[in-house]
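Colleague: Could you take me through this model? I would like to go piece by piece.

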Amino acid sequence: MKSKKPNRIYFKIFFVLGLCCLGFVSFHFYNGPLKISRLLKMQFTEKVPEISIERKEFQSGDSFYKILAQEGVDVYQTTKIVELFSQEISIRKIQSGQFYEVEKSSANEFLAISYLPNQIEKYRVYVSSVNQELAIEVQRAEIKSKILCIEGEITSSLYEAVVGNKHGNPALAVELTEIFAWQIDFFTDTRPGDKFLILYENLYTDTGYSKLGRIFAAKYIGSNYEYSAFYFKHNEVEGYYDEAGKAMKRAFLKSPLNYKRISSYFSLSRMHPILKYRRPHLGIDYAAKEGTPIVSIGDGRVVFAGVSGGFGKLLKIVHSNNYESWYGHLRGYAAGIHVGAKVKQGQTIAYVGQTGLATGPHLDFRFKHNGTFINYLAMKIPSAMSVKKDYMPAFEIKRNEYLELIKTKQNE
């Protein structure tokens with residue numbers, strides 16, 4: 001009987017130890033993990049500070065100094081912000097109608113200001129969360145490209161037909177008229193039922209920016225004519241050409257003014273309105289408002305820019321193949337126009353005036369070939385340079401690529 005006593009003692013000891021372990025485990029189970037879970041819950045349910053972003057438009061007379069003062073930014077920060085912006089942009093070129101954004105915390109603390117000159121670029125000056133110093137970052141949206149092909153039929157005007165298309169826009173209509181400007185007078189030659197086709201590139205971003213890229217190919221079909229144009233660039237050659245590689249562009253424009261009225265034609269005997277006797281008028285007078293821009297009729301080089309007798313302020317430009325154009329009675333010259341300056345076709349070179357012997361504002365336009373004045377309105381304007389023979393294989397490859405692309409787009 002005495003041998004059973006120690007076993008009872010050991011049993012009691014193990015029983016007590018077991019109760020202690022159970023209590024220890026229970027304490028940590030209900031307090032340790034529970035405490036951690038509560039902390040995690042508090043951490044994830046804690047309210048994240050709100051940031052407000054307000055977009056505003058620059059008004060006339062606005063500047064960063066004025067805007068930042070209105071937003072409560074102190075002078076020191078304002079000066080630093082302007083310095084950072086000046087590293088990337090010319091703040092003097094900020095225009096009314098452009099946008100800026102102001103970022104603030106829920107406590108109305110200034111966090112950042114962004115300048116958005118367009119839908120592509122964003123210049124942002126912000127308070128760094130690392131060291132609380134001001135810093136600048138530049139964000140540029142990726143410009144993407146998509147090839148589109150539109151077709152249409154004219155019911156009233158080419159402009160309305162192009163703009164009314166699903167993918168049409170005003171820039172596309174203008175560009176198309178410029179490509180065929182030497183073949184078609186879109187004010188008088190277009191008829192209901194005429195058809196057109198345009199293969200072109202559209203540039204866009206995810207921020208909403210969209211712009212016409214290049215027109216690669218175009219076709220216009222009238223009642224008794226059809227014209228096709230293909231863009232081609234190879235070394236020094238660039239422009240639009242027909243299927244055979246002949247330039248769509250002519251060597252000279254039809255007129256040096258877009259808005260004009262002919263008040264006096266080329267004549268070998270005209271009564272001069274001031275001198276009151278008959279003498280040759282070897283040019284064309286275009287009546288227009290004073291200050292109307294005058295463009296060069298072709299590529300060339302300025303050989304005279306100054307005052308010349310009855311012409312008043314006169315400009316002379318020499319062109320290839322012994323052609324020369326004169327522009328008289330000018331009010332003044334466009335920036336960069338001086339003797340020796342090279343000009344491109346369609347470039348603004350001067351402005352309509354009434355200097356010299358003139359009764360009112362107009363342009364006295366004259367044209368010479370091989371040293372002799374000729375009637376510009378009666379002249380058959382020569383074509384610009386066509387694709388060189390050595391470049392024809394490259395042109396044909398590009399032309400055929402465009403034609404295949406048109407077929408693909410039409411079948412989509």
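Colleague: What is the strand order in the open sheet of five strands?

Modeller: The order is β6-β7-β8-β9-β10, with antiparallel pairing, where strands are DSSP runs of E of at least two residues and helices are runs of H or I of at least four, both numbered from the N terminus, and where two strands pair if DSSP finds at least two bridges between them. This is a predicted model, in which local features need pLDDT of at least 70 and side-chain atom pairs count only at pLDDT 80 or more, while totals for chains, interfaces and linings use all residues. Residues are numbered from 1 along each chain as its sequence is written, and side-chain values use heavy atoms, with hydrogens and water left out.

Colleague: Which strands does α5 lie across?

Modeller: Helix α5 (residues 170-179) lies across β6, β7, β8, β9 (226-234) and β10, and runs at about 45° to β8; axes here are lines fitted to C-alpha atoms, for helices over the stretch in contact, with angles from 0 to 180 degrees between N-to-C directions. Helix α6 (residues 392-411) also packs on the sheet, touching β6, β7, β8, β9 and β10, and its direction makes about 120° with that of β9.

Colleague: Changing topic, is V73 buried or exposed?

Modeller: V73 counts as buried because its relative accessibility is 8%, the cut-offs being under 20% for buried, over 50% for exposed and partly exposed in between, with a 1.4 Å probe and protein chains only. V73 sits in the loop between α2 (64-70) and α3 (75-86).

Colleague: What does V73 touch there?

Modeller: Leaving aside residues up to four places away in sequence, V73 touches L68, T78, I81 and F110, a contact being heavy atoms within 4.5 Å. V73 and F110 are 37 residues apart in sequence, and their C-alpha atoms are 7.0 Å apart.

Colleague: What average pLDDT does the chain have?

Modeller: The chain averages 83, and 82% of the residues score at least 70, on the predictor's per-residue confidence scale from 0 to 100. Over residues 27-45 the pLDDT is below 50, and that stretch has three contacts in the model beyond near neighbours in sequence. Residues 265-272 stay under 50 too, and the model has 31 contacts for them beyond four places in sequence.
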